[in-house]
Amino acid sequence: MEALSPIDVLRLRPGSTRVRGAQLQVPLSEADYRTLAAILAEHPSVTPRAYGFDAELSALRFLRRFPHLRRLSVAGLFHLTDLSPLHQLDADVEFLDRPWRDPQTQPHPGRVMASGA
């Protein structure tokens with residue numbers, strides 16, 4: 001489910017709709033970050049996913065608003081260069097995926113790319 005300001009609390013609450021993720025493509029307002037943080041605290045199995053091209057999201061500054069986050073996806077978050085904000089996550093993180101990789105320039109670990117002759 002896409003999380004946009006203003007957050008539709010009834011749509012985002014996992015109870016009735018079986019929401020498994022909350023996607024962030026653009027930054028939220030402070031009030032909506034607080035609302036989302038409260039929902040995620042009540043439903044730790046919901047995985048927030050930051051993705052897209054937004055520089056503010058790519059800086060991962062939004063993580064300071066989620067001190068007890070147990071799950072996070074940054075798959076598809078372009079321009080992500082600094083992973084140091086991840087230290088703000090709870091030590092008991094259950095799920096953290098890695099950013100999208102271009103298979104031509106960043107091959108899968110263990111896969112050898114052939115160079116052109």
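I started at Ser58, whose side chain reaches the backbone oxygen of Phe78 at 2.6 Å. I count a polar contact as a pair of N or O atoms within 3.5 Å; within protein, one must be able to donate a hydrogen and the other to accept it, and residues adjacent in sequence count only if both atoms are side-chain atoms.

Before going on, a note on what I'm looking at. This is a predicted model, where local features need pLDDT of at least 70 and side-chain atom pairs count only at pLDDT 80 or more, while totals for chains, interfaces and linings use all residues. Residues are numbered from 1 along each chain as its sequence is written, and side-chain values use heavy atoms, with hydrogens and water left out.

**Ser58, continued**

I found Ser58 in helix 4. Helices (H or I, at least four residues) and strands (E, at least two) are DSSP runs, numbered from the N terminus. Is Ser58 buried or exposed? Ser58 has a relative accessible area of 4%, so I put it down as buried. My cut-offs: buried is under 20% relative accessible area, exposed is over 50%, and partly exposed is in between (1.4 Å probe, protein chains only).

The side chain of Ser58 also has a polar atom 3.0 Å from the backbone oxygen of Asp54. Next I listed contacts, meaning heavy atoms within 4.5 Å. Setting aside neighbours within four places in sequence, Ser58 touches Leu77, Phe78, His79 and Leu80.

**Overall layout**

I then stepped back to the whole chain. I count 4 helices and 4 strands, in the order α-α-β-α-β-α-β-β along the sequence. Of the 117 residues, 32% are buried. Among contacts with a separation of 6 or more, 57% are between residues 24 or more positions apart. The chain exposes about 7400 Å², with 54% of that supplied by carbon and sulfur atoms; the areas come from the Shrake-Rupley method with a 1.4 Å probe, and for residues only the protein chains shown count as cover.

**Aromatic pairs**

How many aromatic pairs does the whole structure have? My search gave 3. Rings of Phe, Tyr and Trp (its six-membered ring) pair if their centres lie within 6.5 Å; planes under 30 degrees apart are stacked, over 60 edge-to-face, and the rest tilted.

Tyr33 and Phe66 make an edge-to-face pair, 6.1 Å centre to centre with 80° between the planes. Tyr33 sits in helix 3 (residues 30–42) and Phe66 in the loop between helix 4 (55–58) and strand 3 (71–72), so to speak a link between distant parts of the chain, 33 residues apart. Both Tyr33 and Phe66 are buried.

Phe53 and Phe78 are stacked, 4.5 Å centre to centre and 5° between the planes. Phe53 is in the loop between strand 2 (47–50) and helix 4, and Phe78 is in the loop between strand 3 and strand 4 (95–96), so the pair ties together parts 25 residues apart in sequence. Phe53 is exposed at 58% relative accessibility, and Phe78 is partly exposed at 27%.

I also checked for a charge over a ring, meaning NZ of Lys or CZ of Arg within 6 Å of the ring centre and within 35 degrees of the ring normal. Arg49 lies over the face of Tyr51, 4.4 Å from the ring centre.

**The core**

Which members of the largest core touch the most others? Phe62 and Phe66 do, out of 20 residues. Strand 1 (21–24) and helix 3 are the elements that give two or more residues to this core, and helix 3 brings the largest share, 4 residues. Beyond four places in sequence, Phe62 is in contact with Leu24, Tyr33, Ala50, Leu57 and Leu72.

**Positive phi**

Last look: backbone angles. Most residues other than glycine have a negative phi. Leu60 has a positive one, near 60°, and its place is the loop between helix 4 and strand 3. Leu60 is buried, at 0% relative accessibility. His79 also has a positive phi, near 70°; His79 lies in the loop between strand 3 and strand 4 and is exposed at 56%.

How values were computed. Core = buried A, V, L, I, M, F, W, Y, C linked by side-chain atoms within 4.5 Å.
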